[in-house]
Amino acid sequence: LTVTSTQDRHYVVVDDPLPAGCEAVNESFATESNELLRRAHRSADTDDSEGDSGDEEDYSWWWGGFCHFETYDDKVLAFADLLSNGTHTHTYLMKALCGGRFSMPQTKAEEMYSPEVFGWTASKTVEIK
């Protein structure tokens, strides 16, 4: 999930609905392996100049990034008290529950206290084989 803003935004929520036939993996559960999530985070890192081992804490919330996440059966929500100017990425895993062609609804980002400031993605179709 990548969000780009041309200016600082306050109290932002990103509502990323999942296609039917899929569900998000909640890595906070003790029964879920977080190895795949670590791999996904490492492959999503485009700037590896710091020599990031993937074991350090992510302090992006302190510098104007996402600070809270909620995982549901049908969507993932990402929150930022301050979303600074630039591009921000959140990586999560979803697993396929069954095969077929499914509609992937639009993702919406908005300022919670200024709902007239918002953005949508295009809806898509996902095929799970």
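Trainee: Which residue forms a salt bridge with Arg101?

Mentor: In general, look for a side-chain nitrogen of Lys or Arg within 4 Å of a carboxyl oxygen of Asp or Glu. In this predicted model, Arg101 pairs with Glu127, and their closest N and O atoms lie 3.6 Å apart.

Trainee: Where in the chain do Arg101 and Glu127 sit?

Mentor: Arg101 belongs to strand E8 (residues 100–104) and Glu127 to strand E11 (residues 124–128).

Trainee: Why does Arg101 count as exposed?

Mentor: The idea is a cut-off: exposed means over 50% relative accessible area, and buried means under 20%. Arg101 has 60% relative accessibility, so this residue counts as exposed. Glu127 has a relative accessible area of 46%, so its class is partly exposed.

Trainee: How many salt bridges does the rule give?

Mentor: The count comes to 4 salt bridges. One of them joins Glu23 to Lys95, with 3.6 Å between the closest N and O atoms. This pair also links distant parts of the chain, 72 residues apart: Glu23 is in strand E3 (residues 22–24), and Lys95 is in strand E7 (residues 94–96).

Trainee: Are Glu23 and Lys95 buried, exposed or partly exposed?

Mentor: Apply the cut-offs again. Glu23 is partly exposed because its relative accessibility is 22%. Lys95 is partly exposed as well, at 34%.

Trainee: Which side chain meets Glu110 in a salt bridge?

Mentor: That of Lys108, at 3.4 Å from N to O. Lys108 has 24% relative accessibility and therefore counts as partly exposed.

Notes:
Residues are numbered from 1 along each chain as its sequence is written. This is a predicted model: local features need pLDDT of at least 70, side-chain atom pairs count only at pLDDT 80 or more; totals for chains, interfaces and linings use all residues. Side-chain values use heavy atoms; hydrogens and water are left out. Helices (H or I, at least four residues) and strands (E, at least two) are DSSP runs, numbered from the N terminus. Buried means under 20% relative accessible area, exposed over 50%, partly exposed in between (1.4 Å probe, protein chains only).
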